[in-house]
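Please look through the sequence and the model shown here.

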Amino acid sequence: MNPTSYLVLATILFTLGSGGVLLRRNALVAFMSVELMLNAANLAFVAFARMHGALDGQIVAFFVMIIAAAEVVIGLAIIVMIFRTRRSASVDDASLLKL
Amino acid sequence: MNLLAAVATQAGDSPAGSTGSTTGEEILFWILAPLAVLGAAGLVFARKAVHGALFLAVTMVSLAFLYIALEAPFLGVVQMVVYTGAVMMLFLFVIMLVGVDASDSRVETIRGQRVGAGLALLGVIILLMTVAGRAALPDPVGTAQAAPDGNVYAIADLLFGRYVWVFEVVAAVLITAAVGAMVLTHRERTSRRLTQREMSEKRFRDADPQQAAGQPPPGVYARHNAVDTPALLPDGTPAETSISPVLIARGAARSADEFTIDLRQLGDEEGSDAAPTEPSDDSTSGMSGEATPGAAEGNDGEAGTTDGGEAR
């Protein structure tokens, strides 16, 4: 199957993920949207790895997954910390540094 | 599962020179791709974070199947275990911690942000679609030649061969992340931790002396062998404090008044026909006779069957 269809799917998923980051105010949902964008990029990597007949793309996707897991740990720790001090998970409420 | 196995064998067994354009893969793609897009759209448009997380899990699972169809069974399994197993559970855990009911406010804080974001997204999707659509991509070569012994062996070869340095760096990143999470969620103590002796002394000094020996536990009676029933004090009245405040807040507990009425009825029944209808009451616990207000005068001394008796 031609990789174009996979690329189109990855494009749609990436756009929806960036839409979630731009439009949603809940920090958790915005964070999940970031994960969605990473997954879309992974899909493109795997599709290209198959197109070229080399496994390097799969290795890169694997590393992306590891980094995403580390990122989730740190990001959720920050969200929990903000929630503990501000009693809110909305990105609008963490605006004390704004002029 | 049959479909997955079929696709996996098909993808694994297809020779290197084949076009890879198999109908099984196409069917799988056209089932999974709409599911994945549906899940992603659900994440963006669901009002509650929990629903968004569940929608995202659908997308992740669909992508895992697509990886397996794309001759990457190892990545498919990792996707399933790491993303839908660990990451999504972590997300759900934090959502539960932060509050399930916390839904987004629909108020636009920056004026025109939604319109601007919509235009930008339109631009992104047009750009990417044009690139993906106009690129003349060749048919896939397939990874059979690159992975003669199977996908996992080939990945291990690369991971511990050419990419071993990246692997080490990633290990350092993971350890840093773990330490970082601990540092971020660490809370500095503002006062010294009390010892057990100090806590015990504090309880006797500050609290109600009647409660110093501990609060009475909920009662266990023949009628209600449950924690929603209050304990009885030596004078036969129910002890309101013996029920967990959580149960009272939920409305699941029987209030002391209700229970007193029950007791009175029970006492009347037993008084009239000497409890022939409920023989199990007397045989199992013997409490119903003592607990009735009528018998309460005589049992001040032996009412120690409930701990409520010790509180007074």
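A salt bridge is a side-chain nitrogen of Lys or Arg within 4 Å of a carboxyl oxygen of Asp or Glu. B:Glu198 and B:Arg192 form one, with 3.1 Å between the closest N and O atoms. For exposure, a residue is buried under 20% relative accessible area, exposed over 50% and partly exposed in between, with a 1.4 Å probe and protein chains only. B:Glu198 is partly exposed at 27%, and B:Arg192 is exposed at 58%.

The model is predicted: local features need pLDDT of at least 70 and side-chain atom pairs count only at pLDDT 80 or more, while totals for chains, interfaces and linings use all residues. Residues are numbered from 1 along each chain as its sequence is written, chains are lettered from A and ligands numbered from 1 in the order in which they are written, and side-chain values use heavy atoms, with hydrogens and water left out.

Chain A has three helices and zero strands, where helices (H or I, at least four residues) and strands (E, at least two) are DSSP runs numbered from the N terminus. Of its 99 residues, 60% count as buried. An unreviewed UniProt entry lists residues 6-24, 36-53 and 59-83 of chain A as "transmembrane region"; positions are in the numbering used here, feature names are shortened, and annotations may be inferred rather than shown by experiment. In the model, residues 36-53 of chain A are 94% helix and 0% strand, with end C-alpha atoms 26 Å apart. Residues 59-83 of chain A are 100% helix and 0% strand, and there the end C-alpha atoms lie 36 Å apart.

Next comes the contact between the chains. Contact means heavy atoms within 4.5 Å, and it takes 68 residues from chain A and 87 residues from chain B. The area buried between chain A and chain B is about 7,100 Å², with 76% of it from carbon and sulfur atoms; buried area is the accessible area (1.4 Å probe) that two parts lose on being put together, summed over both. On the side of chain A, the residues that lose the most area to chain B are A:Met1, A:Met32 and A:Arg50, together 12% of what that side buries.

A:Arg50 takes part in two of the pairs described here: with B:Glu71 at 2.8 Å, N to O, and with B:Glu25 at 3.0 Å, N to O. The second pair crosses from helix α2 of chain A to helix α2 (residues 23-45) of chain B. A:Arg50, B:Glu25 and B:Glu71 are linked in a network of salt bridges. A:Arg50 is buried at 4% relative accessibility, and B:Glu25 is buried at 3%. Side chains of opposite charge can pair when their charged atoms come close.

B:Arg162 forms a salt bridge with A:Asp56, and their closest N and O atoms are 2.5 Å apart. B:Arg162 lies in the loop between α6 (151-159) and α7 (164-185) of chain B and A:Asp56 in helix α3 of chain A, so this pair joins two chains. B:Arg162 counts as exposed, at 59% relative accessibility.
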